[in-house]
Amino acid sequence: MKKINIAIDGPAGAGKSTISKLLASQLGYIHIDTGAMYRAVGLKVLKNNISPHDSRKIVEILNSTDIQIKLVDGKQLVFLDGEDVTEKIRQPEVSMYASDVSKIREVRERLVKMQQDLAKQKGIIMDGRDIGTHVLPDAELKVFLTATAEERAKRRFLELKQKGYEVDYYQLLDEIKKRDLNDMTREFAPLRVAEDAIVIDSTSLSIEEVLQKVLELFYKVVKDEV
């Protein structure tokens, strides 16, 4: 079966990574979580006590930053300067830093180049905010996965509680709304629906139902490509 590239975009907490991982496992594709790359930059900025709005200093430290995504025992791990930061980058504070640093043009250009190089081999599922519109505009299948802010905050709340973090639902909701605004209004490659993307609202759908919808779209595209 011919391999294609799949772009899955959407706002924070819409379930992009979850669906992408399941899809990659089912299809034997490689999943690349681009948001994790921005979170890694955000974590480094936070650890170095740099303001997430100080673009000059952020670009400076980016020159000496190594970010790698590795598949270890079937699990995608994120390494920042040689350290496994897979869990650390999921902290709420890091999420806001990631949103702020992602607005910096030089940061996006550097990471987008890495992402595009990874996708040249095909058989890639990439999720993020600007995959279908900017990173992989030629992806054969584009999905825009969304849900209400309230539903996304609830999902993130439950996820963090399960990992042992003390979090407040209303604070998470506020952060998600701020992140949505950041992502949609940034000057370079903002969050928006690609013209040829299929929108799936997952608010009232289970993970299995969303996965099934994306699989149906995948097989239709592959069939048409033959």
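Modeller: In residues 6-218, the end C-alpha atoms lie 8 Å apart, and the span is 50% helix and 17% strand, where helices (H or I, at least four residues) and strands (E, at least two) are DSSP runs numbered from the N terminus. This is a predicted model, in which local features need pLDDT of at least 70 and side-chain atom pairs pLDDT 80 or more, whereas totals for chains, interfaces and linings use all residues. Residues are numbered from 1 along each chain, and side-chain values use heavy atoms, without hydrogens and water. In UniProt, an unreviewed entry gives residues 6-218 the annotation "domain: Cytidylate kinase".

The largest pocket has a volume of about 1200 Å³; a pocket is an open set of points on a 1 Å grid where a 1.4 Å probe fits, with protein on both sides within 12 Å along at least five of seven lines. Its lining comprises 50 residues, and Ser17, Thr18, Lys21, His31 and Asp33 are the ones nearest the centre of the largest pocket. Among the elements that give two or more residues to this lining are helix 1 (16-27), strand 2 (30-33), helix 2 (34-47), strand 3 (67-72), strand 4 (75-80) and helix 9 (207-225). Helix 1 contributes the most, namely seven residues. By residue class, the lining of the largest pocket holds 19 nonpolar, 15 polar and 16 charged residues.

The unreviewed UniProt entry also lists a "binding site" that includes Gly10, Pro11, Ala12, Gly13, Lys16, Ser17 and Thr18. Of the listed residues, Ala12, Gly13, Ala14, Gly15, Lys16, Ser17 and Thr18 belong to the lining of the largest pocket. Pro11, which the record lists for the "binding site", sits in the loop between strand 1 (6-9) and helix 1.

How values were computed
On a 1 Å grid over the protein atoms alone, a cavity is a set of points where a 1.4 Å probe fits but cannot get out, and a pocket is an open set with protein on both sides within 12 Å along at least five of seven lines; lining residues have an atom within 4 Å of a point. Grid points are joined across faces, edges and corners, and a volume is the space filled by probe spheres set on the points. Ala, Val, Leu, Ile, Met, Phe, Trp, Tyr, Cys and Pro count as nonpolar, Asp, Glu, Lys and Arg as charged, and the others, Gly among them, as polar. UniProt positions are given in the numbering used here, feature names are shortened, and annotations may be inferred rather than shown by experiment.
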